[in-house]
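Good morning. I have one structure to show, and I will keep to how its chains meet. Please have a look before I start.

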There are 2 protein chains.
Amino acid sequence: MPSDTGERPSVRRVTGNKEPEILAAAEREFMSKGFDGARTTSIAEAAGVTHAMLHYYFRTKEQLFYRIIDRKLRLMGESFLMAVEGNPQQPFLHRIETGIGRHFDFMAENPDLPRFVINEILSHPERYTVMQESVRRIVSALTQTLQRELDAAAERGETERMDIRMLMLDIISLNAFTFISYPIIEPIFGDLTGERERFLKMKRAENIETIMRRLRRAQTT
Amino acid sequence: MPSDTGERPSVRRVTGNKEPEILAAAEREFMSKGFDGARTTSIAEAAGVTHAMLHYYFRTKEQLFYRIIDRKLRLMGESFLMAVEGNPQQPFLHRIETGIGRHFDFMAENPDLPRFVINEILSHPERYTVMQESVRRIVSALTQTLQRELDAAAERGETERMDIRMLMLDIISLNAFTFISYPIIEPIFGDLTGERERFLKMKRAENIETIMRRLRRAQTT
DNA sequence: CGCTCTATTAACAATTTTGTTAATTCAAAG
DNA sequence: CTTTGAATTAACAAAATTGTTAATAGAGCG
């Protein structure tokens with residue numbers, strides 16, 4: 001019997017260790033169909049093992065799912081930071097500009113991450129209530145720091161005065177929704193087919209431009 | 001036996017007609033859990049009927065689902081138009097401004113519409129391939145008209161020259177993602193609890209401001 | 001070789017979920 | 001009152017889905 005701690009024993013693993021294959025197949029299945037739509041038999045089949053093997057390695061569908069969603073939640077956290085972190089010596093506006101680009105590129109590499117995470121949290125909220133308070137504290141501290149920086153930049157006349165949470169939401173909305181909606185709009189915008197890269201490059205510039213215009217001090221006509 | 005045409009016979013409906021109750025319960029269940037997570041037994045229970053009744057009225061889970069998703073797809077279509085339609089006599093900028101507000105208000109009344117529709121299309125694409133071509137044609141015609149109007153406004157120096165599809169995506173992203181993400185950010189932004197109205201009013205103004213700044217002609221400093 | 005322990009399989013089991021059916025109720029029409 | 005047909009129910013059935021178990025294979029070690 002495998003250990004219950006979630007970590008497979010690493011000694012004497014001689015015959016095929018199918019854990020990576022199962023995890024990879026599980027990621028594909030869960031990401032595309034969600035927890036409810038995913039089938040452990042499909043995952044096992046895609047991984048090239050019997051479904052008893054899947055239960056041998058992970059006991060239950062839920063435990064296998066936790067291994068996947070855990071990584072995805074971490075990635076989600078990273079993506080938020082990506083949009084706002086950076087060298088604090090650099091001008092605020094410049095940091096935000098590069099932050100938006102980095103966040104966009106991250107989304108491009110994980111295009112169904114936000115949809116997946118949001119969905120799972122909303123359809124099974126009870127699983128995520130434990131994390132809430134710690135996340136709240138981290139975000140609260142981060143926004144306070146950033147708000148002070150933005151206030152200072154506004155004081156110097158570099159930017160507009162605004163609520164940092166609105167700005168962060170604007171950035172994440174423009175970037176994340178691009179990828180959330182892409183599979184839907186790609187066929188109906190039509191000429192996008194096979195031009196994913198070109199379209200995304202264009203939208204990346206568009207999102208940066210939109211936020212920069214929002215943030216830069218408006219000329220008093 | 002009920003007719004197969006999807007329309008219940010309307011004569012001699014004397015004993016309780018439970019169709020509306022089932023539809024209402026189905027809408028709640030499908031919207032919150034998606035097709036895969038929804039259970040016909042839960043729907044029947046919530047509607048106060050036996051699950052045999054549900055099958056008597058709708059035969060299959062899929063047919064019941066189609067009744068729900070059909071209305072939702074229509075709503076989704078409406079919401080797109082909402083952002084761009086308006087009296088063509090009015091100045092382009094002004095029409096867009098009121099359009100954004102109307103679109104936002106529509107999203108506020110249907111907060112889980114975009115998430116639901118996007119999810120269902122992505123997790124069961126085969127169900128929606130039939131509509132694709134007609135939708136593509138409608139959108140294509142609409143964007144061509146709007147692009148010409150925007151070009152004209154840019155020619156007159158009222159707006160920046162830009163791709164209308166980018167603009168539409170910006171508007172929809174800012175508005176829709178506000179509601180897609182709201183249930184997640186509400187507890188972690190913390191002080192939002194019980195202040196939904198205040199927050200939404202603020203974000204509504206923010207989205208309009210963001211787009212107007214994107215669209216208005218930048219001063220040549 | 002024979003022991004041990006992990007990996008693997010096939011078969012089984014329990015539960016859930018969707019769907020069916022035959023019998024019954026009940027209001028309205030004749 | 002009887003007939004009629006829709007509405008309703010309980011019981012059944014089939015399939016899917018998750019999970020278990022007992023038996024076995026097979027590598028490494030003494």
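Residues are numbered from 1 along each chain as its sequence is written, chains are lettered from A and ligands numbered from 1 in the order in which they are written, and side-chain values use heavy atoms, with hydrogens and water left out.

First, confidence. pLDDT is the predictor's confidence in each residue, from 0 to 100. Chain A has a mean pLDDT of 90, and 90% of its residues reach 70 or more. Over residues 3-14 of chain A, pLDDT stays under 50, and the model has 8 contacts beyond four places in sequence for them. Where pLDDT is low, the predicted coordinates should not be read in detail.

Now the interface. Counting contact as heavy atoms within 4.5 Å, 50 residues of chain A touch 50 residues of chain B. The two chains bury about 4,800 Å² between them, 69% of it on carbon and sulfur atoms; buried area is the accessible area (1.4 Å probe) that two parts lose on being put together, summed over both.

There are 6 salt bridges between chain A and chain B, a salt bridge being a side-chain nitrogen of Lys or Arg within 4 Å of a carboxyl oxygen of Asp or Glu. A:Glu160 and B:Arg213 form a salt bridge through their side chains, at 2.8 Å from N to O.

Which helix gives the most to the side of chain A that touches chain B? H8(A) does, with 17 residues. Helices here are DSSP runs (H or I, at least four residues), numbered from the N terminus.

Next, symmetry. Chain A is superposed on chain B by a rotation of 180 degrees with 0.0 Å of shift along its axis, at an RMSD of 0.1 Å. That is the relation of a two-fold axis.

Last, inside chain A. A:Glu27 makes a salt bridge with A:Arg71, with the closest N and O atoms 2.8 Å apart. A:Glu27 is in helix H1 and A:Arg71 in helix H4 (residues 61-84), so the pair links distant parts of the chain, 44 residues apart.

Conventions. Predicted model: local features only at pLDDT ≥ 70, side-chain atom pairs only at ≥ 80, totals over all residues. Helix = DSSP H or I, 4+ residues; strand = E, 2+ residues; numbered from the N terminus. Least-squares fit on C-alpha atoms with pLDDT ≥ 70 in both.
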